[in-house]
Each structure stands twice: as structure tokens, then as C-alpha cells.
Amino acid sequence: MTPFAVVIFLLGLSSLATAANFTQVFEWPNELDFEWPSEESRTQALEDGTFKPVKIQPRYMAVYEARLFLNLFKEDGVPASLVSLPTSSESSSPPKLTPFPSWDFHLNGSGNCDKIHRAEGMEVDSDGRLWVLDQGNPDSNCSSKLWIFNLINNETELIHRFSFDEYFHDLVLDETANGTFAYIARWMESHVVVFSLERNESWIVDTPKVEVNSIALSTKDQEPRHLYLARSGFKELYSIPVAALHNGNRTTEPRLIENWAADNSYRMLMDSHGTLYSGFMYENYTSTWNTSRPFLEQSFYQVAGLESAWPFTFSLDQNATFWMTVFDDVNMPRFRLLKAAVAAKSYIYNSPGTCPLD
């Protein structure tokens, strides 16, 4: 994006600009809380420091039917990093967070490699399976893992263990006639990890000089398909052909598309019409680009006065609803859950045939 275009873009952001009609689902004025096994267990966790409500920060989101899943930033005082909550409630109080699939997968798991240590990135496929990246725990020699949970029968389908640990960031899913693949970004790493579900194996494809941060996959009706990569710490947006992840070369040269107005795109999401959404660290807005047209960044949602390093999490469901959390480190309310109808589903689904968001 040229400097002139950046100025025009920023001038076009009003104090509360939106390209969609969002409504508020829930509001948490202060801290989030968990559904505890008992009040006694909560009190004990507060006393021994294993639960510090002020530490809870949503990082990633996925939605399936009437359940919304969140990854929480895992640090001391956050006992579970993968939780769920309902997408609606008849109660006037906002819901509490339920550790998923249960408390047993999280509590006292620092030295147990069969526990969830630090969930970091997730997606729901078209068969109702939740794919979750797990950083692992190098202090206990627990490597990174990929969990696959069947949300229909509530069973754990797969635990794939990688040969490395840490630095997972996000993933996208590619459902093809030749099987289902996950493409995984790792913090500050110049490569993409590819996982094949049918073969239950993974490999690395290098992206020289481009440290991948956020990641997105083009729609099913865009051939050849491309993987979009935002460079860590910079404004650049790149793409690579998906075919390059499967041709055996193990190296591909990313192609520069353009620059976002802000650096550090920490989350990208593609919808079924080819609209690419992006959130940026320390920025109070999200942007879009209609990938069927030349690059033009447009404002999607903005909150005046929002102060947060990771202000938004967002996801699309199978019903063409865009879900988003807004997190504020300083101002009240600290957490909000919003939703909007956007006439497009997740990139995992075929386009329903309506026009993309401009």
C-alpha cells in the first residue's frame, strides 16, 4: 500500500466504523471466570495463585453450532487454555468458561504429555471436528501436538505429536479429494508446517526470508488455491501456491502482494467469497481485502479508545455469522462478544453464491 493510500485508509476510519451490523451477545464488565467443579476448588485456586482472573486473555476462536471455543493465553494463573461457552443464553449474566473437553485435560498437567498444555490456534472442519494446536511443554520434554476432537460424539479422534515444541501460531484446513491437510504457522519461523490427516504425518516447507505470522487460505472456487502469509513484525502480505506445499521440494518463494496499513497482522481469516479479514497487534481496528480484486484495504470494525495488544479474536461459522470478541486491557467493559450476519461462510465451505463484502 502506498503512503498516500495509507493516509486515505486511516482518514476513512471513524470513531466507531463498521462494514457489518454487529450486535452484542455478551458483556463481561470485569474479568472472565471458569465453571469450577466446586466453589471450594475455585477458592483454593485463588489462594494458591493457580487462578488469577486478571490474567485471562482470549487469543483464538472457533464456532460450531451453539458452542463457541476460545484459546486463552496460557500463563501462571490461567488453569485452562481451551474453553467453550454457549453462543446464547437466557440468563442476564454472561456465561462462565467451561474447560474443554473437561478439567481433566488441563489440571495438574505440566508434566503429563497427554494433557493440553497451551492451546494456540484452532479450526473446525466441515465434519464437525475441532482441530487444536498445542504448544507442548519443553520443560517436561512434551513436544507440540495437534488434537482433533469430534464435536458430534465428543470423542478425541487423534493426537499427532510433532518432533518440535513451541512457537505455534495458527492453522488453516484444506479439505481436498486427496485428503484433509492442515497448514500451520509458527511464530517467527520462516516455514509452514503441513500435516496430512490420512497419513498422520507432517513435514516442513521453508519460506526463505519470510517469518510467518498469521495465515489464511483462499476459497475452494479460486484455482489454483493460494496460502496467504503475513510477515511477522512487518506490514507485508505474501502468498504461496498450495501446490508448492505438496510437490516435495520443501522450499517455496513467497510472492509479495502488498502492505497492510499496520504491521503485525496476528490473525487473518478468509470467508467463502474471498474476503480476507485481518487484525493487528495494538491496533483498535480490523481490516478487509476482497481478494478477487486488486489489493485495497478497507475498514471492517473499529473501537475508539481500545487499548490492547491483542484486541480482537474472530471466526466465521457454517451459518454465515461473523463472531468477534473485543478485549480491552484498560477500559470497561473488558470483554465483549459480538456477532454479525455477513452473507458468507468460512472459507472451508463452498460459496453460497452471494456477493462478497466490499
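This is a predicted model: local features need pLDDT of at least 70, side-chain atom pairs count only at pLDDT 80 or more; totals for chains, interfaces and linings use all residues.
Glu201 touches His160, Val194, Phe195 and Ser196, leaving aside residues up to four places away in sequence; contact here means heavy atoms within 4.5 Å. Residues are numbered from 1 along each chain as its sequence is written, and side-chain values use heavy atoms, with hydrogens and water left out.

**Around Glu201**

- Glu201 belongs to strand E13 (residues 201-206); helices (H or I, at least four residues) and strands (E, at least two) are DSSP runs, numbered from the N terminus.
- With 34% relative accessibility, Glu201 counts as partly exposed; buried means under 20% relative accessible area, exposed over 50%, and partly exposed in between (1.4 Å probe, protein chains only).
- The Glu201 side chain has a polar contact with the side chain of Arg199, at 2.6 Å. That term covers a pair of N or O atoms within 3.5 Å; within protein, one must be able to donate a hydrogen and the other to accept it, and residues adjacent in sequence count only if both atoms are side-chain atoms.
- Thr275 is 74 residues from Glu201 along the chain, and their C-alpha atoms are separated by 31 Å.

**The E2-E5 sheet**

- Four strands make an open sheet in the order E2-E3-E4-E5, with antiparallel pairing; two strands pair if DSSP finds at least two bridges between them.
- Strand E2 (58-64) and strand E5 (98-99) are at the edges with a single partner strand each, so one side of each has no neighbour in the sheet.
- Strand E4 (residues 82-86) and E5 run antiparallel and are joined by 2 bridges.
- Val83 has Pro99 in E5 as its bridge partner.

- Searching the whole structure turns up 1 disulfide (a pair of cysteine sulfur atoms within 2.5 Å).
- That disulfide joins Cys113 to Cys142, with S to S at 2.1 Å.
- Cys113 sits in the loop between E5 and strand E6 (119-124), and Cys142 in the loop between E7 and E8, so the pair ties together parts 29 residues apart in sequence.
- The torsion about the S-S bond of Cys113 and Cys142 is about -85°, so this disulfide is left-handed.
- Cys113 is partly exposed at 25% relative accessibility, while Cys142 is buried at 2%.
- Asn137 is in the loop between strand E7 (129-134) and strand E8 (145-150), and counts as buried at 14% relative accessibility.
- A polar atom of the Asn137 side chain lies 3.1 Å from the backbone nitrogen of Asp139.

**Rings and charges**

- The structure holds 32 aromatic pairs. Rings of Phe, Tyr and Trp (its six-membered ring) pair if their centres lie within 6.5 Å; planes under 30 degrees apart count as stacked, over 60 as edge-to-face and the rest as tilted.
- Trp147 and Phe149 form a stacked pair, 5.6 Å centre to centre with 10° between the planes, and both residues are buried.
- Phe327 and Phe335 are stacked too, at 4.9 Å centre to centre and 20° between the planes; Phe327 and Phe335 are both buried.
- Ring pairs also link a cluster of Phe22, Tyr277, Phe300, Tyr301, Phe312, Phe314 and Phe322.
- Arg231 has its charged end over the ring of Phe234, 3.9 Å from the centre; a charge sits over a ring if NZ of Lys or CZ of Arg is within 6 Å of the ring centre and within 35 degrees of the ring normal.
- Lys345 lies over the face of Tyr349, 5.8 Å from the ring centre.
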